[in-house]
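Visitor: I am new here and would like to look around. Could you show me the structure and explain the words you use for it?
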Amino acid sequence: MSRTPLISGNWKMNLNHFEAIQLVQKLHYLVPSDVLEEVDVSIHPPFTDLRSVQTLVESEGMDFALGAQHCHTDDSGAFTGEVSPAFLAKLNTEYVICGHSERRQVFGESDETVNAKVLAILQHEMTPIMCCGETLEEREAGSTESKVLAQVAAGLAGVPAEQVGGLVVAYEPIWAIGTGRTATADDAQSVCSAIRSGIAESFGTDASKAVRIQYGGSVKAANAAELMGQPDIDGALVGGASLDPDEFAGVIRFDR
């Protein structure tokens, strides 16, 4: 099955809405339209930038999908500082990252919380980009596969098999995020293959063939082609490199 690659730029807590607009304009200039016919691109600015970026992308007819970095599990309530998935849907948000390692490590999000967010995102007809990954200690202990597959199983609990194929799972080894260290293409492929096999076992072959699996962790223009050339890697979740329009454009044009 041919899966359209998805390249996602996670800007984290960077760029105000003026800076975000400038970045999107530069990126649009740098990425040829024929590339965007073959690669899906989602951009995930901070919450305060979403409306400005949405207006720009839609008014200029840019072929970028709007994404969010996080959401709450409930539509409304006494959750000061949180953002409802219902609000994101009203902004025509297409993708929402959930379970990012920074949310898990820094803010203490559990597998159960991630699962609740996956279900909430789906309820509002948006696509979760569900993250999973191991620490350096877990990697050195040889427990990468068991840790990652447990996260995937917990995060997708209760999702109907017919919906799983439309989701995105992002494998992002925690030790590679923002460190400049990257899993080798073979290592990344091995884990992504295990994820696909695990999904096949739980949800069926059709779901496993259709689900898109991204790799995240110090992805740059220089290593994107090798990573994306692996049979079970269908895209990239890009952090720091997505803040540089030239570098991010290079990732998007990975084999061109």
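Guide: Gladly, starting with pockets. On a 1 Å grid over the protein atoms alone, a pocket is an open set of points where a 1.4 Å probe fits, with protein on both sides within 12 Å along at least five of seven lines. Its volume is the space filled by probe spheres set on the points, which are joined across faces, edges and corners. This is a predicted model, in which local features need pLDDT of at least 70 and side-chain atom pairs pLDDT 80 or more, while totals for chains, interfaces and linings use all residues. Residues are numbered from 1 along each chain as its sequence is written, and side-chain values use heavy atoms, without hydrogens and water.

Visitor: How much space lies in the largest pocket?
Guide: About 320 Å³. Its lining, meaning residues with an atom within 4 Å of a point, has 13 members, and Lys-12, Met-13, Gln-69, Arg-103 and Phe-107 are the closest to the centre. Helix H5 (residues 101-107) gives the largest share, three residues.

Visitor: What is the volume of the second largest pocket, and which residues lie nearest its centre?
Guide: That volume is about 200 Å³. Among its 16 lining residues, Gly-178, Ser-218, Val-238, Gly-239 and Gly-240 lie nearest the centre.

Visitor: Which residues of helix H3 are buried?
Guide: Helices are DSSP runs of H or I with at least four residues, and strands are runs of E with at least two, numbered from the N terminus. Buried means under 20% relative accessible area and exposed over 50%, with partly exposed in between (1.4 Å probe, protein chains only). In H3 (residues 50-59), Leu-50, Val-53, Gln-54, Leu-56 and Val-57 are buried.

Visitor: Why are they said to be on the same side of H3?
Guide: Because they cover an arc of only 165° around the axis, judged by the directions from the helix axis to the C-beta atoms. Arg-51 and Ser-59, on the other side of H3, are exposed. The cover over the buried residues includes helix H1 (17-30) and strand S2 (40-44).

Visitor: How many helices and strands are in the protein chain, and why is it called as compact as a globular protein of that length?
Guide: The protein chain has 13 helices and eight strands. The globule rule is 2.2 Å times the number of residues to the power 0.38, and the radius of gyration is taken over C-alpha atoms. For 256 residues the rule gives 18 Å, and the chain's radius of gyration is 17 Å, close to that value, so the chain is as compact as a globular protein of that length.

Key
Contact means heavy atoms within 4.5 Å.
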